[in-house]
Amino acid sequence: LLPVYANRELSGAGALAATVTVYGAGGLAGTAVFGWLGRRLPRRPLFVAMWIVYPGLTAALILLPPFIPLLALLFAIGFTVGAYDPLEVTIHQELIPPPLRARAFAVLLAAEMSVVPLAMLLYGFLIGSAGLRAALVFFAVGNLALGAYAIANRSTRSLTPAPRAAG
């Protein structure tokens with residue numbers, strides 16, 4: 001979505017480079033802040049907050065903000081994703097039994113990697129047939145649905161850390 005956004009709504013390749021860079025910087029900042037504060041914060045409220053904030057931020061993309069507000073928005077989206085990812089990986093490592101971790105992480109990674117080209121194909125079709133804004137609406141609605149599922153899912157209702165083994 002960002003390459004089309006940069007090409008159609010902004011000034012092209014330089015704008016694309018700036019958007020990707022700012023998104024990445026937000027992700028790095030979010031990961032660093034989570035690394036610093038993550039253990040001090042209760043997991044469930046943090047998890048819920050991230051799944052409320054992230055879809056809301058992605059929905060703001062529908063407005064097709066100009067360059068500077070877009071950069072701020074992408075930094076915030078990157079920050080949220082950057083803070084969420086280490087929380088998600090920590091939870092997976094605690095919930096998946098050690099003998100199954102390698103296989104479980106391989107399946108998770110394969111699923112994530114298979115979604116990327118399918119999403120690119122879908123968004124390409126949507127942009128070509130209905131336009132950029134329609135694709136952004138689909139993206140936002142998809143994130144809202146994922147967020148609602150993640151929050152309502154029974155397995156995420158208690159995200160307390162697993163007890164540490166003595167030793």
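Which residues of H4 are buried? I took buried as under 20% relative accessible area, exposed as over 50% and partly exposed as in between, with a 1.4 Å probe and protein chains only. The buried residues of H4 are Leu 70, Leu 71, Leu 73, Leu 74, Ile 77, Gly 78, Thr 80, Gly 82, Ala 83, Tyr 84, Leu 87 and Ile 91.

**Ground rules.** I am working on a predicted model, where local features need pLDDT of at least 70, side-chain atom pairs count only at pLDDT 80 or more, and totals for chains, interfaces and linings use all residues. Residues are numbered from 1 along each chain as its sequence is written, and side-chain values use heavy atoms, with hydrogens and water left out.

**Helix H4.** I read helices as DSSP runs (H or I, at least four residues; strands are E, at least two), numbered from the N terminus. I then looked up what covers its buried residues, and found H1, H2 and H3 among the covering elements. Contact here means heavy atoms within 4.5 Å.

**Core.** I searched for nonpolar cores, that is, buried Ala, Val, Leu, Ile, Met, Phe, Trp, Tyr and Cys residues joined through side-chain atoms within 4.5 Å. The largest has 29 residues, and Tyr 5, Phe 47, Leu 61 and Ile 77 touch the most other members. Helices H1 (2–9), H2 (13–37), H3 (43–60), H4 (67–95), H5 (101–130) and H6 (132–152) each give two or more residues to this core. H4 supplies the largest share, eight residues. In soluble globular proteins, nonpolar side chains tend to be buried together.

Setting aside neighbours within four places in sequence, Ile 77 is in contact with Tyr 23, Tyr 54, Leu 57, Thr 58 and Leu 61.

**Thr 19.** Thr 19 sits in helix H2. Thr 19 counts as buried because its relative accessibility is 1%. With neighbours within four places left aside, its contacts are Leu 2, Leu 10, Leu 70, Leu 71 and Leu 74.

**Aromatics.** I paired rings of Phe, Tyr and Trp (its six-membered ring) with centres within 6.5 Å; planes under 30 degrees apart are stacked, over 60 edge-to-face and the rest tilted. How many aromatic pairs does the structure hold? It holds five. One of them, Trp 51 with Tyr 84, is edge-to-face at 5.5 Å centre to centre and 75 degrees between the planes. This pair links H3 to H4 across 33 residues. Tyr 123 is buried at 15%, whereas Phe 138 is partly exposed at 42%. I also noted one aromatic cluster of Phe 47, Trp 51, Tyr 54 and Tyr 84.

**H3 against H6.** I fitted axes to C-alpha atoms, for helices over the stretch in contact, with angles from 0 to 180 degrees between N-to-C directions. The axes of H3 and H6 come within 8 Å and cross at roughly 170 degrees. The two helices are therefore roughly antiparallel; the cut-offs are under 35 degrees for roughly parallel, over 145 for roughly antiparallel, 65 to 115 for roughly perpendicular, and oblique for the rest. Residues that meet include Phe 47, Val 48 and Trp 51 in H3 and Phe 139, Leu 144 and Ile 151 in H6.

**Ala 152.** Ala 152 belongs to H6 and is partly exposed at 46%. Its C-alpha atom is 9.5 Å from that of Val 48, 104 residues apart along the chain.
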